[in-house]
Amino acid sequence: MTEPARTSLGPPVAPVGLADPAAQRPRVRHPLPPARWPTREEAARSRWFSPIKIGRRLVAEERTWVPAMVPWRATEDGFVTPEVLEWYARFAEGQPGVLVVEATGIRDIASGPLLRIGDDRFIPGLRTLVDTVREKSAGRTRLFIQVIDFLTVRRRPEPEKFFGRYLEVTDALRGQVALWLDDRRWREAPDANVREFLLAADRVTLEAVLTDRELEALDYGYRERVWDMHLPHIRELPQVLPGLFAEAARRAREAGFDGVELHYAHAYTMASFLSRLNTRTDGYGGSLEHRVRLPLEVLAAVRERAGEDYVVGIRYLGDEVVEGGSRIEDAVGYGVRFAKAGADYLSVSKGGRFEDAKQPKIGEAVYPYTGESGYECMPTVLSDARGPFGRNVPLAAAIRRAVREAGHATPVVTSGGIGTFDQAEAILERGEADCVAAARQTLADPDWFRKIRLGYGHLVRRCEFTNYCEGLDQRHKQVTCKLWDRKLEPGAPSVKLASDGQRRLTPPSWSLPAPG
């Protein structure tokens, strides 16, 4: 809304501004940390390139890790495409110890160009993906798939559509309009009259008569919560989700994945059950013990269905970074309980919530990585005094310490602003984590693990941590890295371009330099 609306109730009133906490933080542009690259012999002796046992039987060749990233390359109905295969093939060529496939939907419902695993018809494509990674990594890379559930999130509507179609005209709303106008006739007003009045109303009026959730639906788009107990399908989530996750894990095993990662992080269903914001009163919200109940039940169902020898890991938040949300003390409690219940590894992230996301444009959906919590999930070089590099490691360290003190050897994975060998090695030396993951640096140079291991670290294409890639993800565009394009010659027939025709769709290839 660019101009204040006018009504017969008084002068125009400017729309209320929406505060952005991240915009208030003093920012400093940080240089990339110096990088010292090890010799081949030093890399071979390092912790980062040493094996680790994950679960009962699986051994990863090294502690290098590529966390899940959504590339927007699947079909609209969730199938693997040649572009998906090319994306994971390039990561596999870098031979990381573990590669985690993108968040993959457990329901058989439309979700755009995101992978799905909600039906057996998806298994053949996923099996081809597994075979591709095995071949391209020469069998060195262990492949997990991240499985996710999410609730309804709709695009921000045009006011005409919201008031004309989407808003439910209830007796309570009529009552609020009657109170605001001091006119009891509005309590019996036809729907059409109420809708017409609200469409012409100014912001002060709307804030007076609409509920907080109705205002949110207007300003941001409708979004479900796990504590919307008036909705039958939300009430039934504890009965439905364990079976859905268990079947997804069964399909993952049938497709040949080495393990499954339960997505309990960020803005999605399972993370919301863990959140302090979860106020369900049916035994699945409120206290920490009740909030962790469903995540533990899902873990148990997955374990029973997939088998005791199959790797089942959990990705979850060390801190939600939103007002009233869960903090590190909650995450420590969850981590100990997950380890006791038999999770084979814990992968720790931070933030990425809807509650503090920026207002989307009309016609776009709210994106959970635009507010303060989103920044903390993917910190950039434009940061506060602490800087972005290794910013989230203390969360993993606290969780790992508590898990060890409770008597569990469950591996803990850390990530966030990590882009050099010395960074990763120091984290492992200090006992802050057992594996060190890097998403953006691996996107910048999928071969960087292999380059370091073979003594060619000086050839690593270093991530600049400007979040060019995140900006593409926010707009649901095929994710690429701007650094790939520095070797792009316009019109080169051998280079496959993204759908917009402006960017490389895959990174430049790398081969071992010739001897001499």
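## A tour of the barrel and its cores

Select helix α15, residues 328-340: this helix lies across β7, β8 and β9 (345-349) and runs at about 175 degrees to β8. Helices (H or I, at least four residues) and strands (E, at least two) are DSSP runs, numbered from the N terminus. Angles run from 0 to 180 degrees between N-to-C directions, with axes as lines fitted to C-alpha atoms, for helices over the stretch in contact. Contact means heavy atoms within 4.5 Å.

The model is predicted: local features need pLDDT of at least 70, side-chain atom pairs count only at pLDDT 80 or more, and totals for chains, interfaces and linings use all residues. Residues are numbered from 1 along each chain as its sequence is written, and side-chain values use heavy atoms, without hydrogens and water.

Next, colour the strands. Eight of them form a closed barrel, β4-β5-β6-β7-β8-β9-β11-β12, with parallel pairing. Two strands pair if DSSP finds at least two bridges between them. Neighbouring strands of this sheet are turned by 25 degrees on average, direction ignored.

Zoom in on β6 (residues 142-148) and β7 (residues 259-264). They are parallel, with four bridges. Find V147: L262 in β7 stands opposite. Now show α14 (residues 293-306), which packs on the sheet and touches β7 and β8 (311-317).

Which residues touch the most other members of the largest nonpolar core? Select W48, L126, F257, L262, Y264 and F338, out of 95 residues. A nonpolar core is a set of buried (under 20% relative accessible area, 1.4 Å probe, protein chains only) Ala, Val, Leu, Ile, Met, Phe, Trp, Tyr and Cys residues joined through side-chain atoms within 4.5 Å. Helix α11 (residues 237-255) gives the most to this core: seven residues.

Conventions: Buried < 20%, exposed > 50% of the residue type's maximum accessible area, 1.4 Å probe, protein only.
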